[in-house]
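Biologist: Could you zoom in on the salt bridges for me? I'd like the pairs one by one, with the distances and how exposed each partner is.

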Amino acid sequence: MSHLSLYRKFRPDTFDKMVRQEHVVRILKNQIAGDIVGHAYLFTGPRGTGKTSVARIFARAVNCEHPQNGSPCGKCETCLAVERGTLDIVEIDAASNNGVNEMRDLREKVQYPPVTGRYKVYIIDEVHMLTDSAFNALLKTLEEPPRHAIFILATTEPQKIPATILSRCMRLDFKLIPTEDLENHLKSILHDLKKSYEDAAVAAIARAGAGSDRDMLSIAEMCLSYGDKLTYEGVSAVLGSADFEEIATLVGKILDCDLKSAFEHTESILSEGKAVGVLCKDVLSMLNRVSVVKACGQNAQKLLSLPELLFGHVQKIAERADGHTVLRATEIFAKTETELKYVSSPRISLETAIMRACMPEQDYDIEALLTRIALLEKQIAEGGTVAPKAEAETKPPQKRKKEERKEDYPPPLEEPDFGDGFFGLPPTEEQVFAPKIQESKKEVKETESPLQPAPAAGTMTAQVAFGKFIRTLRKTSSNGVLRTLCDDLEAEYEGNTLALYTESKNIYASLSRDEHKKTMAETFSLIGITDFAVKLKGEQVESRANGIEKLKQDFSDYPVEMK
């Protein structure tokens, strides 16, 4: 007899042998027991979860003369005829029989009654592969089939099936199988095969199955061919994973932000022939283990199913690492794993991800800042010292205070003093208004005071501060209009205030809007600047002209001449 794969040799033949899917099994058992079998079923769910196996068991059970607990007995004439081969149960692969002619042929043959059993069952696998014309040819038969016909449609992509087909079927959704159930199933098979194994190896195979029983058994068959005993090292070698301790060391260096050592370990692993995608996946798996250990403590060993020695490595990393650092690294490598499918230089992408994870000081997002804070706290807790940085970079962001604007209006007029009586000559217009005009000139001249010098050396210059602002704005803001408006600004320091000048009134008006001011304030706070202002060039000259016009309006009865 030819060799049978594990997933074929140990395919369940009764409902009791099914791995999970209790909700589906219970519905079908009750329908068989109550003799209320439907005419069309749709089995959906991920691959390897038992859709075809349940369909075969159900097809035999509805024709069985003496079903036992909803499952076929395997002893009656009908069950024996099915084992020998019968025309009453027909399996159709829709991937290779997806044309309208095949469905028309099915529609004609379905009219013939069953040969041995009560029902004629059609199992159409991968039904989403049918063409639109084939679905239309099947539609009428599926809606009103003969009394002896039952259709079971199986698919992994129900969203591709027309709504007219879905509405005529009883839909049963199959779920991914939990890892613990996969482990128990694999152990029972290994006992039947009389194969020795390590619990850690079985757990690794079950995790690699990712909820699919068939995938798990395919991996287990490869691992059994690797050696006489199923070991964790053998499973890692078959799966192409790097050595556990090497991955643990690499992840530890990444979380410690030791870029030099991380690059050296990456080169060592890749030089052994490991694929970049596999290494990235292994790093993600290790970061996930570290997260589980940090969250669950000692209970994590049971969840991870790792040997005590290997669990000790993960525990040491989790004790040293900060939660924000682990989260940030996980997000970086998860994004990189997706990008590796499309890039032409996967190694460069992986090393770039390692650089980003190890250099949070070069990144201005929130997670990077939290990582930097955690590293500083760790240094202080270990008794180290932190080198002082520029005041603009270390000063925590503060809420921007609203500036109170002075209105450039001349002071109110006082009553003129005409002396002790009314018999003297009244003062002339120049005598009355000359002091007020001089005072107004003085106030206007004060508004034209030259710019104060930039901050002292050791802090950022206006140009450097503005350059950091533009780079941070491009990273953190999705407002393209604001980025464009800020590109042409000129920066100068006025005391401790960073003044941003523009010659365009439209740009000035737009940047003065609340939403733009709020975004700019948040961006400046990320680089340590809390005091800034957007100003219009020539505004001071206009302010003086406005003051003169105001003066002339207030004293319209008297000639006012500015020299």
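Modeller: Here is a walk through a few of the pairs, after a quick word on the ground rules. This is a predicted model, so local features need pLDDT of at least 70 and side-chain atom pairs count only at pLDDT 80 or more, while totals for chains, interfaces and linings use all residues. Numbering starts from 1 along each chain as its sequence is written, and side-chain values use heavy atoms, with hydrogens and water left out.

How many salt bridges are there? The structure has 18 of them, where the term stands for a side-chain nitrogen of Lys or Arg within 4 Å of a carboxyl oxygen of Asp or Glu.

Take glutamate 22 and arginine 20 to begin with: their side chains form a salt bridge at 2.8 Å, N to O. For burial, the cut-offs on relative accessible area are under 20% for buried and over 50% for exposed, with partly exposed in between (1.4 Å probe, protein chains only). Glutamate 22 comes out at 45%, so it counts as partly exposed, and arginine 20 at 33% is partly exposed too.

Next up is aspartate 35 with arginine 118, at 3.3 Å, N to O. This pair ties together distant parts of the chain, 83 residues apart. Aspartate 35 is in the loop between helix 2 (22-34) and strand 1 (40-44), and arginine 118 is in the loop between helix 5 (100-109) and strand 3 (120-125). Helices and strands here are DSSP runs numbered from the N terminus (H or I, at least four residues, for helices; E, at least two, for strands). Aspartate 35 has a relative accessible area of 45% and is therefore partly exposed; arginine 118, at 49%, is partly exposed as well.

Then there's aspartate 215 and arginine 47, whose closest N and O atoms are 2.9 Å apart. Again the link joins distant parts of the chain, now 168 residues apart: aspartate 215 is in helix 10 (residues 213-226), whereas arginine 47 is in the loop between strand 1 and helix 3 (51-63).

One last thing: some salt bridges share partners, and through them Arg20, Glu22 and Asp181 are joined into one network. That brings us back to the pair of glutamate 22 and arginine 20, which meet at 2.8 Å.
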